[in-house]
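Colleague: Could you walk me through this model before I start working with it? I would like to talk about the charged pairs to begin with, and after that about the strands and helices.

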Amino acid sequence: MSERSVSRAKQEKRWYTVLAPEQFDRQELGETPADEPEKVYDRTIETTLGELNNNASENNTKLTFKITDVGSDSAYTEFVEHSLTRDYLRSLVRRGASKIEAYVTVLTTDDYRVQIQPVAFTTKKADASQEKAIREQMVQMIEEAAEERSFEELIDSVVEGRLSSGIYGEAKTIYPLRRVEIQKATLEAHPEEVAEEEAASVDVDEDDVAAD
């Protein structure tokens, strides 16, 4: 390719301003180049809550967004993941204390499937029955939260720390806790994907009945 062709190819690329979802006030996440709008779709952008809120103390929270729509010079995203940095999680671990994790997959009121991973840190070493009770409490409260909230509301409660604070308030009555965090929340499926899976499951069940 000649230098002129390379130059023309570069000129044809357009820069798109990447915007956060409406629940994050459409804040700018950065820019991404592409010579065709279709190539922008499904690109992911990672930032921190600190960068969005202009608060360095929140830089231990990472947020990942995926581009789902493209305008003339803007790219619009949806939330796909919230996670805490490894360094921050490592800083919470104490020798002689318990770290209790759980993995919970839930459906929101508007049928988004989300996996949430809470983690609790005790002040001292809890016994197996106490760890089990705390884990069960975390799972129960996350399931109840999803039953009452839309996808956007559930993610807001994770990002703003309300869900982890609520779990802390209840679970500390089982055994003294130092901290509870949601270490990861991931969008697993959209409502239409959930509906397709349910329809496929029903088809399989009907085939089983017919075979009997």
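**Charged pairs, strands and a covered helix**

Modeller: Glu 181 forms a salt bridge with Arg 179, with the closest N and O atoms 2.8 Å apart; a salt bridge here is a side-chain nitrogen of Lys or Arg within 4 Å of a carboxyl oxygen of Asp or Glu. This is a predicted model, where local features need pLDDT of at least 70 and side-chain atom pairs count only at pLDDT 80 or more, while totals for chains, interfaces and linings use all residues. Residues are numbered from 1 along each chain as its sequence is written, and side-chain values use heavy atoms, with hydrogens and water left out.

Colleague: Is Glu 181 buried or exposed?

Modeller: Glu 181 counts as buried at 10% relative accessibility, whereas Arg 179 is partly exposed, with a relative accessible area of 37%. Buried means under 20% relative accessible area, exposed over 50%, and partly exposed in between, with a 1.4 Å probe and protein chains only.

Colleague: And how many salt bridges does the count come to?

Modeller: The count comes to 8 salt bridges. Among them, Lys 39 pairs with Asp 35, the closest N and O atoms being 3.1 Å apart; Lys 39 is partly exposed at 43% relative accessible area, and Asp 35 counts as partly exposed at 37%.

Colleague: Which residue does Glu 197 form a salt bridge with?

Modeller: Glu 197 forms a salt bridge with Arg 113, and their closest N and O atoms are 2.7 Å apart. Glu 197 lies in helix H7 and Arg 113 in strand E8 (residues 113–122), so the pair ties together parts that are 84 residues apart in sequence. Helices (H or I, at least four residues) and strands (E, at least two) are DSSP runs, numbered from the N terminus. Glu 197 is partly exposed, with a relative accessible area of 39%, and a network of salt bridges links Arg 113, Glu 188 and Glu 197.

Colleague: What about Glu 196, where does that lie?

Modeller: Glu 196 lies in helix H7, which covers residues 191–211, and Glu 196 is exposed, with a relative accessible area of 57%. From Glu 196 to Ile 116 the separation is 80 residues in sequence and 22 Å in space, C-alpha to C-alpha.

Colleague: Changing topic to the strands, how does E1 run relative to E2?

Modeller: Strand E1 (residues 14–19) and strand E2 (residues 28–34) run antiparallel and are joined by 6 bridges, with Tyr 16 standing opposite Thr 32 in E2. E1 also pairs with strand E5 (residues 74–84), here in the parallel sense over 3 bridges, and Val 18 stands opposite Ala 75 in E5. Two strands pair if DSSP finds at least two bridges between them.

Colleague: Back to helices, then: how many residues of H5 are buried?

Modeller: Helix H5 (residues 151–159) is mostly covered, with 7 of its 9 residues buried; including Phe 151, Leu 154 and Ile 155, the buried set also takes in Asp 156, Ser 157, Val 158 and Val 159. Just after H5, Gly 161 takes a positive phi of about 85 degrees.
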